[in-house]
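Please prepare a short briefing on the structure shown below.

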Amino acid sequence: MEAELVALDHNHTWDLTVLPKGKKDIGSKWVYKVKLKPDATVDRYKARLVSKGYNQIEGVDYNECFSPIAKIVTVRLFIVVAVAKGWPLHQLDINNAFLHGYIDEELYMLPP
């Protein structure tokens, strides 16, 4: 949890402030996962801080939602091209990744 909070602070993810009158906040919660090695022994414990966006109502609390993901078809295509071209493939685990985008509205999330 400490590593996640340090990364969020390092990336300037938020500014701590007092909730303005008339504004609605979004709750937050910790999500935990145990990362395993290939032999099924524990590699590390991972914690992510997520917002409780499921409490929001479309058209009231937000107007649109976009979440880019890599579809399995795209991943398979990439692997096929890499094999055909003889490119080396490597796997890595990103410790902390952020999607950057611009938001035209103010969002307030309760800290954990």
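**Overall form**

Of the 112 residues in the protein chain, 12% count as buried (under 20% relative accessible area, with exposed over 50% and partly exposed in between, for a 1.4 Å probe and protein chains only). This is a predicted model, in which local features need pLDDT of at least 70 and side-chain atom pairs count only at pLDDT 80 or more, while totals for chains, interfaces and linings use all residues. Residues are numbered from 1 along each chain as its sequence is written, and side-chain values use heavy atoms, leaving out hydrogens and water.

**Chain and dimensions**

- The protein chain has 2 helices and 2 strands (DSSP runs numbered from the N terminus: helices are H or I with at least four residues, strands E with at least two).
- From the N terminus on, these elements run α-β-β-α.
- The C-alpha atoms fill a box of roughly 60 × 35 × 25 Å, taken along the principal axes.

**Helix 1**

- Glu 4, Ala 7 and Leu 8 are buried in helix 1, which spans residues 2-10.
- They lie on the same side of helix 1 because they cover an arc of only 100° around the axis (the arc of the directions from the helix axis to the C-beta atoms).
- An α-helix has 3.6 residues a turn, so residues three or four places apart point the same way.
- Glu 2, Ala 3, Val 6, Asp 9 and His 10 are exposed on the other side of helix 1.
- Just after helix 1, His 12 takes a positive phi of about 50°.
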